[in-house]
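Let's read a protein model together, one feature at a time. Have the viewer open as we talk.

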Amino acid sequence: MTPIRIGQIVPSSNITMETEIPALLKAREMIAPERFTYHSSRMRMKHVTRDELSRMDADSDRCALELSDAKVDVMGYACLVAIMSMGHGYHAASQERLTKVVRDNGSDGAVVNSAGALIAGLKALGAKKVAVVTPYMKPLTELVVDYVRNEGFEVVDYRALEIQDNLAVAAHDPMNLPGIVAGMDTADADVIVLSACVQMPSLPAVSVVEAQSGKPVLTAAIATTWSMLRALDLPTRVPGGGALLSGAY
């Protein structure tokens with residue numbers, strides 16, 4: 001069986017999506033026959049500020065073109081806040097534009113992005129009310145919360161960890177997340193978004209927070225993996241991937 005090529009468009013300082021998505025798909029390989037290889041193209045960004053995010057997003061077309069040269073089967077634009085900071089509905093506009101770049105280069109690979117994946121994942125889970133944790137500074141977190149609200153969800157509570165340096169985001173201990181969630185008002189939340197950021201590690205804490213809260217837990221990495229599998233028309237069961245990757249959605 002020919003391995004499936006997974007492409008990622010990542011910020012230059014991102015070191016998490018190239019570990020968490022392969023970790024999820026490696027777990028899937030324990031129960032399914034498909035095998036995967038991983039290929040990345042990078043957009044320059046060191047600090048999570050609106051100006052740097054905007055400049056970085058302008059590089060996404062180049063990255064999509066490069067990955068389409070490699071004929072990846074699916075590529076994921078892995079920066080949720082870059083998409084959401086560009087304005088309401090931008091996840092769809094970005095996906096459409098990058099898909100055109102890929103098609104114009106003679107590739108039929110699918111294109112997804114982590115922002116659109118999170119929104120689609122919440123809808124698939126039937127969420128109406130959500131609680132959200134982000135590593136961003138408060139103004140960027142409020143942009144993310146506003147974006148999620150504009151997509152039809154009520155955000156019952158959120159936490160901004162206010163980490164501006166992107167490598168420091170990656171260094172945040174995921175096992176701090178259960179304590180952070182325990183201090184939030186999640187009683188009315190249908191789903192807890194444990195990490196609304198592809199750079200903030202969270203996979204080791206997903207099952208802990210699901211057990212602690214009794215609620216489905218979603219992360220940007222889980223949603224992006226789910227969206228990639230759906231784009232590839234593959235079953236979406238991944239051990240350790242939380243409710244969305246249970247195979248039921």
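**Reading E151 and its chain**

Q: Which residues does E151 touch, leaving out those up to four places away in sequence?
A: Contact means heavy atoms within 4.5 Å. By that rule E151 touches G89, H91, I119 and K123. This is a predicted model: local features need pLDDT of at least 70, side-chain atom pairs count only at pLDDT 80 or more, and totals for chains, interfaces and linings use all residues. Residues are numbered from 1 along each chain as its sequence is written, and side-chain values use heavy atoms, with hydrogens and water left out.

Q: Where does E151 lie?
A: Helices (H or I, at least four residues) and strands (E, at least two) are DSSP runs, numbered from the N terminus. E151 sits in the loop between α7 (138–150) and β6 (154–160). The protein chain has 11 helices and 8 strands.

Q: Is E151 buried or exposed?
A: Buried means under 20% relative accessible area, exposed over 50%, and partly exposed in between (1.4 Å probe, protein chains only). E151 has 19%, so E151 is buried. Of the 249 residues in the protein chain, 55% count as buried.

Q: What radius of gyration does the protein chain have?
A: The radius is taken over C-alpha atoms, and the globule rule is 2.2 Å times the number of residues to the power 0.38. For 249 residues a compact globule would come near 18 Å, and the protein chain agrees with 17 Å. Along the principal axes, its C-alpha atoms fill a box of roughly 50 × 45 × 30 Å.
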